[in-house]
Amino acid sequence: MLKLSKLSFLTIAVLLSGCANSELFGGNTREVAISERDAAAAGIVLGATDFKPVEISQVSNTGTFVGQKVITFHNELRQLQKSIKKNNDQLQKLRKSVVSNALQYHRTVGIMEAKLQVGTTPGNPRMLEFLNSAQNNIQTMSSNLSSLNQLSASVSADVANTDYLSEAIQSAYSISGAIDEDHAHLRTLENEANQTSVLMHSLEAEIGGDITRQ
């Protein structure tokens, strides 16, 4: 996705070896203004879903064994909701970093190519600054990819826990000694756990897609 179309970093590095540092663009580096149009033009396409946790209903302990299981299920489901929020927040931050960094890379490389095509003086310090900036972008790409892989592993573990919780809730229907209120709570929890599972699987799939595009 992100590569030099005509000039390799090796070629540029040879041309610029031994140069001194200077300011990028002849002044302070300015922040990149990110837009969907800019990202699309640069071929930067990531998932766009903002994953919001499911609202969890309140339950009460009826005093039965199944009632106690209901409280346990409820607490586990709440923890999974917190995990969704945490993982989603991290995903959105990573996406912003990926797009901002990739746009900066494309723009820097574009300036380098344009300058080298029209000619530049040997040992141009500004050109070396461009090269260093682009190399830093590549390091950030690697860091972002590593973070996405770690996030994927965390979400995959949550997916397994959510699916296990859904199965445990279903199994609780067959436990003897329950009252009607217990089964009403189980039905509510089952529905909310299934919604959470769908959300978790979607989150896992989008992270996987983002990793592939990287």
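**Entry 1: the end of the chain**

I began with Gln214, which is partly exposed with a relative accessible area of 28%, where under 20% means buried, over 50% exposed and anything in between partly exposed (1.4 Å probe, protein chains only). Gln214 is found in the segment after H5, and I note that helices (H or I, at least four residues) and strands (E, at least two) are DSSP runs, numbered from the N terminus.

**Entry 2: ground rules**

This is a predicted model, so I note that local features need pLDDT of at least 70 and that side-chain atom pairs count only at pLDDT 80 or more, whereas totals for chains, interfaces and linings use all residues. Residues are numbered from 1 along each chain as its sequence is written, and side-chain values use heavy atoms, with hydrogens and water left out.

**Entry 3: the chain as a whole**

I looked up the secondary structure and found 5 helices and 0 strands in the chain, which reads α-α-α-α-α along the sequence. Of the 214 residues, 38% are buried. The chain exposes about 11900 Å², and carbon and sulfur atoms supply 50% of that area; the method is Shrake-Rupley with a 1.4 Å probe, and for residues only the protein chains shown count as cover. For contacts (heavy atoms within 4.5 Å), I recorded that, among those with a separation of 6 or more, residues 24 or more positions apart account for 87%.

**Entry 4: helix H3 and what follows**

At 1.5 Å a residue, the 54 residues of H3 should span 80 Å, and its end C-alpha atoms are 80 Å apart, which agrees. Just after H3, I noted that Gly119 takes a positive phi of about 105°.

**Entry 5: the nonpolar cores**

A nonpolar core is here a set of buried Ala, Val, Leu, Ile, Met, Phe, Trp, Tyr and Cys residues joined through side-chain atoms within 4.5 Å. The largest one has 26 residues, of which Phe73, Leu91, Ile169, Leu186 and Ile207 touch the most other members. The elements that give two or more residues to this core are helix H3 (65-118), helix H4 (125-172) and helix H5 (180-213). Apart from it lies another core, of 9 residues, among them Met112, Leu128, Phe130 and Met141.

**Entry 6: the salt bridges**

I searched for salt bridges, each being a side-chain nitrogen of Lys or Arg within 4 Å of a carboxyl oxygen of Asp or Glu, and the structure holds 5. Lys52 forms one with Asp50, the closest N and O atoms being 3.2 Å apart; Lys52 counts as exposed at 54% relative accessibility, and Asp50 as partly exposed at 39%.

The side chains of Arg95 and Glu206 meet in another, at 2.6 Å from N to O. That pair links distant parts of the chain, with Arg95 in helix H3 and Glu206 in helix H5, 111 residues apart, and both residues are buried. Arg95 also meets Asp210 in a salt bridge, at 2.8 Å from N to O, and this pair again links distant parts of the chain, from helix H3 to helix H5 and across 115 residues. At 7% relative accessibility, Arg95 counts as buried. What else belongs to the network of salt bridges linked with Arg95 and Asp210? Glu206 and Arg213 do.

**Entry 7: around Asp210**

Asp210, in helix H5, is buried, with a relative accessible area of 1%. Leaving aside its neighbours within four places in sequence, I found Asp210 in contact with Leu46, Gly47, Leu91, Arg95 and Leu148.

**Entry 8: Ser154**

Last, I looked up Ser154, whose place is in helix H4. Is it buried, partly exposed or exposed? At 31% relative accessibility, Ser154 counts as partly exposed. The C-alpha atoms of Ser154 and Asn87 are separated by 8.1 Å, although the two residues are 67 apart along the chain.

Notes: Expected span 1.5 Å × (residues − 1).
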